[in-house]
Amino acid sequence: MKRYLCVLSAVVILVSSAAAQEMRTAFVGAKIIPIVGQPIENGFILVHNGKIIDIGNAAGRSFTADTVIIDVKGKVIMPGLVDTHSHIGEVAGADGSGPIQPEIRTLDSINARASSIQRAQAGGITVANIMPGSGHLDSGQTLYVKLRDGAKKIDDILIYDSDGRYMGGIKFANGTNSIRSSGGWPGTRAKSAALVRERFIKAQEYKAKIEKAAGDPDKMPARDLALETLVEVLEGKRVVHHHTHRHDDILTVLRLQKEFGFRVVLQHVSEAWKVADEIAAAGVPSSIILVDAPGGKLETTDIKWLNGAALEKAGALVGFHTDDYITDSRYFLRQAGFAVRAGMSREMALYGMTMAGAKMLDLDDRLGSLEKGKDADIIILSGDPLSVYTNILETWVDGKKVFDRSNAEDYLIAVGGYGAGNDRLIHIDCFDGDLGGGE
Amino acid sequence: MKAEISLSGTTGRFAAQAAILVLLLACASFAQIAVKGETVYTMDGRAIKDGVILTNNGKIEAVGTAANVRIPPNYKVVTARIVTPGLIDAHSVIGLAGYLNQPHDQMQVEESSPMQPELRAIDAYNAREELISWVRSLGVTMIHTGHAPAALISGQTMIAKTTGDSVEEATVVPTAMVAVTIGQGSMNSGGKPPGTSAKQAAMLREMLIKASGYGKKEDAARDLKLEIMKKVLEKELPLLVTAHRATDIMTAIRIAKEFDIKIVIDGASDAHMVLEEIKESGFSVILHPTMYRAGGETENLSMATASKLKAAGIPFAIQSGYETYVPKTRVVLFEAAALVKFGMSMEDALRTVTIDAAKILGMDGRTGSIAVGKDADLAMFDGDPLEYSTHCIGTMIDGKLVSTQIR
C-alpha cells in the first residue's frame, strides 16, 4: 500500500511540476529596481520557465488566465545579489603541501546542503563565487554556483557555460597570508611574485607544446592537471580572483597581469583608495568588502569604507563580497549601505551588488539585472535595499522561490535559533517522518 | 559672543565640514557648550523635538526644548540633527586588544594558567589604541573592557571613557568585574585543564571555596588571586560569566546560587532557550553582538533574542564582544542597529547601548541618558543614528568635543 502511495505521489509530483513549468508567474505592483534601466514605481515582472519574459509598468497591464499573480504592492524588487567571494558550503581548497596548487577543485569539497548556503539565500544572494582560502599563492579553483533550492549535491548548484563546462575561476593571493618561510613557501613578497611567475612561465611552455602538437596525440605533452588549469587562465577562460590588500601588493598583481595577460578580479583591495587611478587605468575590476573596524591584521590597518567611492570616482568597476565567514551572508546588502555612507552613489552601490558581480563572473549575459530573457533571479524586499530597517522577504532563483521569510523553517535560517546551524533537511514523501538528509 | 556651528552634515559636504572641524577643535576646550538637536533622544523620557542641551564643566546643566532652555550668550553652540547619549559598550576587549593583532598589542589573554583573577585590566589598557579612537568616532563614549573570554578566569575588567592619553585619565572604574568563561572559549586540550565544562565548574567552585577561607587566619600571607575572589564572595565584585550553551548558562546560575554571589551572564547565545530560568535568577545579561557568528557553541544564537529578553523583562545590554581577526572589533552602534530588523523599535535598540548598558555596569548615576547632573557624554548624528548611511558627526565626553570625524 505504502509503495503504491509512493508511486502515486511521485506521479502527482511529476504531473504538477510539469504543469508548474508551464505556468507563468507575474510579480505585480512592486517598486522594481532593474539595475539596468530606470526604477519602475508600479512595476511587474513576468516569469516563465525560469526566465524573465517581460518587465514593465503594471498600470493597465493584464495577464493571461493561466498566470499566477503575486501581489507585491508596497515592496521592492531587485535582482538577486551576486557575492563575488564567499567561503560558504564548508569549502576546502589546497592543503599544506605547497604554495601553488592550481589542480585543486573546490568542486570536490563543497557540501551543498550546508546551513551557510541557506543563510546566503536568506541574505538575498542568488549567485556566489565559492573560493578556497588565502593561505597559498594559489589555493585552487573557485566555483560559481547558483543557490538553487533543495540542493542535495554540488551538481545541483553548478552553472554551465555555452560549451557545457561548469564555471569557476582560480584563487590567487599575495601579501602576508601566503608567506610562511618554510619549505617551498615564500618568505617575502618578492619571492611570492617570483614563484608565481615561474609557474606561469611553465604554463606558457606547456601551452606552446600543446599548440605545437596541433591535435596529434603522439606529440601532446603528458597531462598535468596544474598546468592545464593555468593554460585555461592564460587563455582567458578562467578568471584569476586575486586576494590582495596593500597598495604595493595591488600594484604587483597589476604588474603580473600585464606580463601574462590573464584576466583578473582584485579581491578585498583594502588600500584601493591609495591606488584607485592605477586600478582604473589597468581596466581591472575590484571586489571590495566593508568591515566594521580597521585592523585585525597588518594589511588591513588602512582599509576604508571609502574604497567604493574612490574606485567609482576613478572609473573602475566595483563589486562586493561577504568573504563569509568574515561577514555574514545575511548582511550582504549592508555593505552597499556602508559604501553609500562613505560617498559611493546609490546607483553604483546597487550595481555593485548585482551587475558588477555578474560581470566579474562572466555571467552578465544571463543575470545581474532584471531584463527580458535573463534568469528570474530576484529578491523581494520590504523597503529600500540600503536601509537597516529593510528585510529580505523572498529570494527566487531560476523562477523558483528558495527563501520565504514568512515560512517558519526559512525564518529560522534568517534570524537564527535552535537548529539553525543544521544542514538542510531533505524531505522524502515516501516514508513516515523525516529522514533528516537520507536518500 | 555666540558662535553657531553646524554639525548637521550630509554626504558630499565633507570639504565644508572639514573647515568647520577647525572651528570645532577650537571649541574643544570650551567649558560651556550648548548642543542643539532637531531631535534629542534623552533615553530619559520622550524624545525632545528641537532640543537644547547645556553643558557646563563637563556636566549636563539643562536639557529641554529650545523654547524652554535659553542659551546663555557666552556658550558655544553646536548643532546636529540627532543627539543621543554617548554610547556605552557593555563588554569589549579593546585597549587590551589592539588593531594590529600582533603579539605586542594582544594583552587580553595570558595563557600560563587557567585562573588568574589577579590580572588587572588597568595594567594593560592602552588609552591611545586606534580601536578606541575608532569607536569614539562612532559615538561610543564608555567601554567596559578587559581580559577576554578566553580562559576560565582570564582576569579583571575595567570601565573607561574612550578618551584620555593614559589609563589614569581614561579609567572610571579600575576593577569592574572578574571575567569567567564556561564553555568552548576557555577549554584546553591535551590533558591541560580544564578539558570539559564539568571540570571548569569544579575548578571554579574550588577557587571560590578556597577564597571563602581567605583572610580568616591572622598573619596569613597576601594572595592576590584570593583577595579578588574574596571580593566576589562579598558581592563587592560581580563575576562576568561568559556562557553560550544553555547548559553552561545554567552552570553559571547554579554556582552563583551556591556561593550567593553576583554574576552578569555574558554572551548567552542560548538565552532564548532558558528565558524563564534567567528571569528567575534575577541576573542581567550582556548579550552577544547581534551579528555575531553562529557556529560551534554559538550555533543556536538568534538575532531575535534581544526582543525576547525585552519581552521577558530581563535587564540586558548589547556588546561588541571579542574578535580575534578581521574586523578586530565590532561597534555597538551597528550591533544595536541590527536589532531593528528583528522586532525592536529604534529607541529600544538605542537603550541597549545607552541607559540599559549603564544600569548593568552601575554607571546610570552618571551617564547613559541625557539628564541634568549627568556627565556631558553625547553622540551626534546627521540622521537616524541606526541607519546605514547616517554619519556620526561628533562625540562629546565630559563636555569636550573629542571627535568631529564624519564617519
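Student: Where in chain B does Leu54(B) lie?

Tutor: Leu54(B) sits in strand 3 of chain B, residues 48-56. Helices (H or I, at least four residues) and strands (E, at least two) are DSSP runs, numbered from the N terminus. Keep in mind that this is a predicted model, where local features need pLDDT of at least 70, side-chain atom pairs count only at pLDDT 80 or more, and totals for chains, interfaces and linings use all residues. Residues are numbered from 1 along each chain as its sequence is written, chains are lettered from A and ligands numbered from 1 in the order in which they are written, and side-chain values use heavy atoms, with hydrogens and water left out.

Student: Is Leu54(B) buried or exposed?

Tutor: Buried means under 20% relative accessible area, exposed over 50%, and partly exposed in between (1.4 Å probe, protein chains only). Leu54(B) has 5% relative accessibility, so it counts as buried. Leaving aside neighbours within four places in sequence, Leu54(B) is in contact with residues including Ile33(B), Ile60(B), Val69(B) and Tyr75(B). Contact here means heavy atoms within 4.5 Å.

Student: Now sheets. Which strands form the open sheet in chain A, and in what order?

Tutor: Strands of a sheet pair through backbone hydrogen bonds, either parallel or antiparallel. Two strands pair if DSSP finds at least two bridges between them. In chain A, three strands form an open sheet in the order 6-7-9, with mixed pairing. Strand 6 (81-86) and strand 9 (143-146) of chain A are at the edges with a single partner strand each, so one side of each has no neighbour in the sheet. Strand 6 and strand 7 (residues 125-130) of chain A run in the parallel sense, paired over four bridges. You can find Ser86(A) opposite Ile130(A) in strand 7 of chain A.

Student: How many residues does each chain give to the contact between chain B and chain A?

Tutor: Chain B gives 45 residues and chain A gives 37 residues. The buried area between them is about 3,700 Å², with 60% from carbon and sulfur atoms. Buried area is the accessible area (1.4 Å probe) that two parts lose on being put together, summed over both. On the chain B side, Val326(B), Lys341(B) and Tyr388(B) lose the most area to chain A, together 20% of what that side buries.

Student: How many salt bridges does the rule find across that interface?

Tutor: Side chains of opposite charge can pair when their charged atoms come close. The rule for a salt bridge asks for a side-chain nitrogen of Lys or Arg within 4 Å of a carboxyl oxygen of Asp or Glu. Across the interface of chain B and chain A, that rule finds zero. Over all chains, though, a search of the whole structure finds 47 salt bridges.

Student: Which side chains does Lys161(B) meet in salt bridges?

Tutor: One is Asp375(B), at 2.7 Å, N to O. Asp375(B) lies in the loop between helix 11 (355-360) and strand 15 (378-381) of chain B, and Lys161(B) in strand 8 (residues 153-161), 214 residues apart. Another is Asp398(B), again at 2.7 Å, N to O. Asp398(B) is in the loop between strand 16 (392-397) and strand 17 (400-403) of chain B, so this pair ties together parts that are 237 residues apart in sequence.
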